[in-house]
Structure formats: C-alpha cells, structure tokens
Amino acid sequence: MKHKSIFYSMLAGAAALLCSCSSEPYPVHFLTEADAAEAGMPFTIPYNGHYYSRMPVLTLNNFEKFSSFMDMKDGSYGVRLFTKPEFRMRLASITMQNRGRRMLPIFNGLAFQPMLVDVVNDGQLVIWGGLNGWDLKKIGEKLKPVNPEIEKKRYLDENPRPIPKGGRDPRMLSRGTRN
C-alpha cells in the first residue's frame, strides 16, 4: 500500500511539472544592453557587436493592447505596445536607467532591430518595423488591438518568414523577467 501512494504521488508531481513547463506559443520579450564590464560574461548575449543581458526586462504580459502601422521603408509592420497601468512606472524606470543604451526586442526567438532607449513616461513602447501579418495575429491573440477592424485586415494565417537553418537561437527564447 505504501508503494502505491509513493508511485501516485510521483505521477502527480510529474504531471504538475509538465503542466507548469509549457512555453508560451509566441514569446515576446525585451533585453537591455549590458554594461561594458559585463560584456562577454555568461549572462550576456552577443548581437550585432553589442552585448545584451540574458534576463528580459519586459515581456508581452506587461502590455494590455497594441496598435500596428506600416513601415514605409520596407513594407513591414511596426507596433506600438501600451503597458498595463501597473507596469507604467516599471517601464519609466527601466528606460530611465538605460537611457542612451539599446533595448533588443525578441519576437518568437528572432531578434529585431535594437532600439536606442529614451525615457518613456507615456507607457508606450514602439517597435519601428520588421514585423509581418503573422506576428500581428500572434500578438493579437495575447493583447487587445486598439483598432480591431484594421488589425484583422493585416493578419496572416501562415508565417512567411523562413525559419533559420539551425533553428531559433535558444538563448533568445528566455521566459523570465528581471524584477
């Protein structure tokens, strides 16, 4: 009888562990540029000649709604993310601490153009381009669009962006956030 209870408790623990480890279907997070002293350390990620802290400062969970726009240079989409009221002060303090540095947006494991950080007091973070209709659809599944009728016209059912031959860089798929 004792062995059965141990077996069932192990089985229940394994099931709970499997349920808690599920990854987000479309992870989005933001990394900040590391200090010069931190460059090359194990907790940093090199990208285009700069090093970024491996621990994200923001994720898609920190935002409540979004609005997209067309990038006139290449026809891709940019997106304006609106923070939840409880995270506005966090965004302001993150941008104040990192003013003049870069912030690297990671969408679904792919790094996009780093943004030069300026102080953000209005609770809005802007990605200026590089996204496609599939990205907008995935963001729309998690956040409420500001203009739903416009956003739905831009959505794509398939991802037209080719997946890199080696797959996505696992260093870019971090899920936690820095406090």
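**Exercise 1. Two asparagines in loops**

Task: Find the loop that holds Asn48, and state whether Asn48 is buried or exposed.

Solution. Start with the place: Asn48 sits in the loop between β2 (44-47) and β3 (50-53). Strands here are DSSP runs of E with at least two residues, helices are runs of H or I with at least four residues, and both are numbered from the N terminus. This is a predicted model, in which local features need pLDDT of at least 70, side-chain atom pairs count only at pLDDT 80 or more, and totals for chains, interfaces and linings use all residues. Residues are numbered from 1 along each chain as its sequence is written, and side-chain values use heavy atoms, with hydrogens and water left out.

Next, look at the backbone: Asn48 is not a glycine, yet has a positive phi of about 50°. Finally, take the accessibility. Asn48 counts as exposed because its relative accessibility is 59%. The cut-offs are under 20% relative accessible area for buried, over 50% for exposed and partly exposed in between, with a 1.4 Å probe and protein chains only.

Now try Asn108: which loop holds this residue? Asn108 lies between β7 and β8 (110-111). The phi of Asn108 is also positive, near 55°. With 12% relative accessibility, Asn108 counts as buried.

**Exercise 2. An enclosed strand**

Task: Explain why strand β1 (residues 28-32) is described as largely enclosed, and name the strands that pair with β1.

Solution. Begin with the count: five of the five residues of β1 are buried, so the strand is largely enclosed by the rest of the structure. Then separate the faces. In a regular strand, side chains alternate between the two faces of the sheet. In β1, Val28, Phe30 and Thr32 are buried on one side, and His29 and Leu31 are buried on the other.

Now turn to pairing, which requires that DSSP finds at least two bridges between two strands. β1 runs antiparallel to β7, with five bridges joining them, and Thr32 stands opposite Met103 of β7. β1 is also antiparallel to β4 (residues 58-59), through two bridges; here Phe30 faces Leu58.

**Exercise 3. Strand β5 and Ser68**

Task: Work out how β5 pairs with β6 and β11, then list the side chains that make polar contacts with Ser68.

Solution. First, β5 and β6 run antiparallel and are joined by seven bridges. They form a hairpin with six residues between them, and Gly75 in the turn has a positive phi of about 80°. On the β11 (residues 144-145) side, two bridges join the strands, which run parallel. Lys65 has a partner in each: Phe82 in β6 and Lys144 in β11.

Second, move along to Ser68, which also lies in β5. Ser68 is buried, with a relative accessible area of 8%. The side chain of Ser68 makes a polar contact of 2.6 Å with that of Glu151 and another of 2.6 Å with that of Arg154. A polar contact is a pair of N or O atoms within 3.5 Å; within protein, one must be able to donate a hydrogen and the other to accept it, and residues adjacent in sequence count only if both atoms are side-chain atoms.

Third, widen the view to contacts, meaning heavy atoms within 4.5 Å. Leaving aside neighbours within four places in sequence, Ser68 touches Gly78, Val79, Leu136, Glu151 and Arg154.
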